[in-house]
Amino acid sequence: MYKKAFVALAVLTAITGCKSTGPNVCSASTRVELPVSERVVKGTASTKVIIFEPDLKVDSDKGKTITAAFHQSLSKQVDITGSNIVDRSLAKKLKSELQIAEASGIYSSEGVPVADFAIFTDIGVASFSREFKAAHKAYDPTQDKRVYVAAACHFEAKIEASTRAVSLPDMLTLDQIEFTGDSSHSYDTTNSHCPISNDQINSMIAKAAKYSVTRSDELKNLLAPRASIVEMRQCDAGTMVRIDMGSRHGVEPEWDVDFITHEKVTNYAGEIEIETSGYGEGEVINNAEHGIKPNHSWVIIDRSMAGKVKRGDTVKVKFESACNSMGSFLGSFCHDADETISDTSLSDLFKF
């Protein structure tokens, strides 16, 4: 819903700076009376996250480059969710304490700052390879004939890592996310030794670490903020609801959100439980001046959803990049095109 399906359009928008502005917020006189949800769940805006330095059994400058690049990429993804990241130096002091707590099952909150989640990462594979291919002839289907292929060197960096998100203070693993990324480069040469500098190798490895994180939406959605519905209004501009989360929580125009309601039910054992169910989607109004305030924002929805909305229902942000929504095959081409446009420093390095 509301997705920008064509990456070319997104790229054009980024280059030209053109962006349409969404509708104005309906006036207070158009407010619609809402029933109250059976359970109002506290929002999760401004959660605090501790991101620990990734573990990698390589004590070298190359190892430090890998862990630093991966840590930076994780931090950027967490920052997108509007979460507050605990100071990096403080996180280093807490890592061993929390690892012991996780292993023993005993956690003490004394002296530990308030945090909702801790992120642990193990980098299992961090490799760099080079391959020389001599000049040869190969069949080109576009020309329907064999063509000459010049001698060339091919370089590839790969990263595989496993990230665990742990809730605090109960030390429960909420999810384990597998990240994989790669970065490659080729150039024509007759030198079979395939010379390459350490700076170039480090650059490729750093990009592989970055791509492994950016090519997944799992971490963002795990930490996606939740808010409560406060009111609803209807006017010519559309049907819209106000949520208790705004710019100070990182809300941005055109964020996609899911609507979730909570209902008390009697289970098979005769006990009262709270069940949740989703009933629709919406989008934060693309009007930063009127649609997003420090402590609240407005979400536009389909008019057909109006009869389902309750005050106190949960709105959960849904992160899905245009490239990641295309599937693995098309998504890889999309990411490659996007990364080529947004990052030209690698090609600058490979000048001999």
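The structure is a predicted model, in which local features need pLDDT of at least 70, side-chain atom pairs count only at pLDDT 80 or more, and totals for chains, interfaces and linings use all residues. Residues are numbered from 1 along each chain as its sequence is written, and side-chain values use heavy atoms, with hydrogens and water left out. Helices (H or I, at least four residues) and strands (E, at least two) are DSSP runs, numbered from the N terminus.

- Strands β4 (residues 117–133) and β7 (residues 152–167) run antiparallel and are joined by 16 bridges.
- Within this pair, Val125 stands opposite Glu160 in β7.

- Strand β11 (residues 256–266) runs antiparallel to strand β12 (residues 272–284), and eleven bridges join them.
- Thr261 has Ser277 in β12 as its bridge partner.
- The hairpin of β11 and β12 has five residues between the strands, and Gly270 there takes a positive phi near 85°.
- Three bridges pair β12 with strand β13 (residues 297–301) in the antiparallel sense.
- Gly282 has Ile301 in β13 as its bridge partner.

**Arg226**
- Arg226 is found in strand β9 (residues 226–235).
- Arg226 counts as partly exposed because its relative accessibility is 30%; buried means under 20% relative accessible area, exposed over 50%, and partly exposed in between (1.4 Å probe, protein chains only).

Definitions and conventions: Two strands pair if DSSP finds at least two bridges between them.
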